[in-house]
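Thank you all for coming. Please take a look at the model on the screen, and I will then walk you through a few parts of it.

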Amino acid sequence: MDYKAIAASVPPRNGSGTQDWVYRVLREGIITGMLKGGTQLKQDEISDALNVSHIPVREALRQLEAQRLVTIHPNRGASVTELSREMLIDMMQVRAAISTAMLKISIPRMTEEDFKALDQNLAEQHSSEDACSFEKLNNVFHELTNRRASNPVADFMTEIIHANIDRYLRSSFYDNADGRTTSMREHEAIVEACKERDVEKAATLLNDHIMNAVSRIPEDLK
């Protein structure tokens, strides 16, 4: 496994602790699909490739296990967690419930500055031509719609769900031009409802937007 190539795609460890850097490298590999579900994560191999000791690798794996991205098997090492289609749908339902609740709190608190940031994000989505940049812009969009709720617990839970879901949607959704176009149109409708301060309409649109992605989950998942 080319951990060095994955490490090259994340910011260098300048100023960040070794454990945090190893965590970000492994997490990037998982959510981008470079480390696919079921991949064995050998501490010796990771330590050698990243030129770090076993301790930060072990702690990073435990951190990823808490986010369900990694499964640690007693006496058998660790592997990238494989999720079933049913579990992904369950996660999307939870994500929809959290996100719509946060949006309802956010809308009355949104400012013109928030709407400008959302408009800028939409413009960048339209000019994005690759899966990686669109995926990042999509995540920023959802952060912007919910940030006025000021709920770090909900933000943390949503981030974990995003990471687990998006690695399975990358090829069927973010790599697909029609999928990106549909997503942008739904984003635009959500923003318009937010600007109108129509809380219920915006929440319904957001719920539908999240659950519409169910059709993009690969059918061959067990």
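**A buried residue, a sheet and a helix pair**

Let me begin with Ile217, which is found in the segment after α10 (199–212); helices here are DSSP runs of H or I with at least four residues, strands are runs of E with at least two, and both are numbered from the N terminus. This is a predicted model, in which local features need pLDDT of at least 70 and side-chain atom pairs count only at pLDDT 80 or more, while totals for chains, interfaces and linings use all residues. Residues are numbered from 1 along each chain as its sequence is written, and side-chain values use heavy atoms, with hydrogens and water left out.

Is Ile217 buried or exposed? Ile217 counts as buried because its relative accessibility is 2%, where buried means under 20% relative accessible area, exposed over 50% and partly exposed in between, with a 1.4 Å probe and protein chains only. Leaving aside residues up to four places away in sequence, Ile217 touches Arg85, Leu88, Ile89, Met92 and Leu169, contact meaning heavy atoms within 4.5 Å.

Turning to the sheet, we have three strands in an open sheet, in the order β1-β3-β2, with antiparallel pairing. β1 (40–41) and β2 (70–73) stand at the edges with a single partner strand each, so one side of each has no neighbour in the sheet. β2 pairs with β3 (residues 77–80) over four bridges in the antiparallel sense, and two strands pair if DSSP finds at least two bridges between them. Within this part, His73 has Gly77 of β3 as its bridge partner.
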